[in-house]
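Please look over the sequence and the model below before reading on. The paragraphs that follow go through them one topic at a time.

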Amino acid sequence: VVVGSLPDTVLFQAESYPDLLQQIIDSFGPAVTFNIKPKQLKGVEPLTALNRIQVQLGAMSKDRGGYTLVNFSQLLDDPLQMVLVFGDDLARVSELAAALNIKAEPALEALRVAVHA
């Protein structure tokens, strides 16, 4: 129910990191320039791809602490399901998700842990 009520400008469900990046770019619209393109992520290891996306997002909206991609809730149909959160909202989003027993963790951090486990 929660996932279905989120707008597609903050909730991203994708099969791959190039697809994820394309959805993010589309959500910002043509007025926002990205330094990386989806085709640059094809064939790249998942950790490298996600790191590149997160670096780009972290550099945006500096007044709000950049953006952080957060793995969110139980996966539905796609292997990647994330929400875009302002950096200065991350602690509150994590707190609220925990209170509702919804999985929410910074995606890059979680992938680093999984890769090095």
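Lysine 103 is partly exposed, with a relative accessibility of 38%; here buried means under 20% relative accessible area, exposed over 50%, and partly exposed in between, with a 1.4 Å probe and protein chains only. Its side chain meets that of glutamate 105 in a salt bridge, 4.0 Å from N to O. A salt bridge is counted when a side-chain nitrogen of Lys or Arg lies within 4 Å of a carboxyl oxygen of Asp or Glu. Glutamate 105 is also partly exposed, at 32%. Elsewhere, salt bridges that share partners join Arg64, Asp88 and Asp89 into one network.

The model is predicted: local features need pLDDT of at least 70, side-chain atom pairs count only at pLDDT 80 or more, and totals for chains, interfaces and linings use all residues. Residues are numbered from 1 along each chain as its sequence is written, and side-chain values use heavy atoms, with hydrogens and water left out.

How many salt bridges does the structure hold? There are 4. One of them pairs arginine 64 with aspartate 88, with 3.0 Å between the closest N and O atoms. Arginine 64 sits in the loop between α3 and β2, and aspartate 88 in the loop between β3 and α4 (90-99), so this pair ties together parts that are 24 residues apart in sequence. Both partners are partly exposed: arginine 64 has a relative accessible area of 27%, and aspartate 88 has 45%.

Another salt bridge joins the side chains of arginine 92 and glutamate 95, at 2.6 Å from N to O. These two residues both lie in helix α4, 3 residues apart, which is about one turn of the helix. An α-helix has 3.6 residues a turn, so residues three or four places apart point the same way. Arginine 92 is partly exposed at 46%, and glutamate 95 is partly exposed at 48%.

Now turn to helix α2. It covers residues 17-28, has 12 residues, and reaches 17 Å from its first C-alpha to its last, close to the 16 Å expected at 1.5 Å a residue; the expected span is 1.5 Å times one less than the number of residues. Which residues of α2 are buried? They are Tyr17, Pro18, Leu20, Leu21, Ile24 and Ile25. These residues cover an arc of only 160° around the axis, which puts them on the same side of α2; the arc is that of the directions from the helix axis to the C-beta atoms. They pack against β1 (11-14), α3 (46-58), β2 (67-72), β3 (80-86) and α5 (107-115).

Glutamine 23 also lies in α2, but is partly exposed at 26% relative accessibility. Leaving aside neighbours within four places in sequence, glutamine 23 is in contact, meaning heavy atoms within 4.5 Å, with Phe12, Gln13 and Ala14. After α2 comes glycine 29, whose phi is positive, near 85°.

Finally, consider the whole chain. It has 5 helices and 4 strands, which are DSSP runs (H or I, at least four residues, for helices; E, at least two, for strands) numbered from the N terminus. Along the sequence they follow the pattern α-β-α-α-β-β-α-β-α. Of the 117 residues, 38% count as buried. Along its principal axes the C-alpha trace spans about 40 × 35 × 25 Å.
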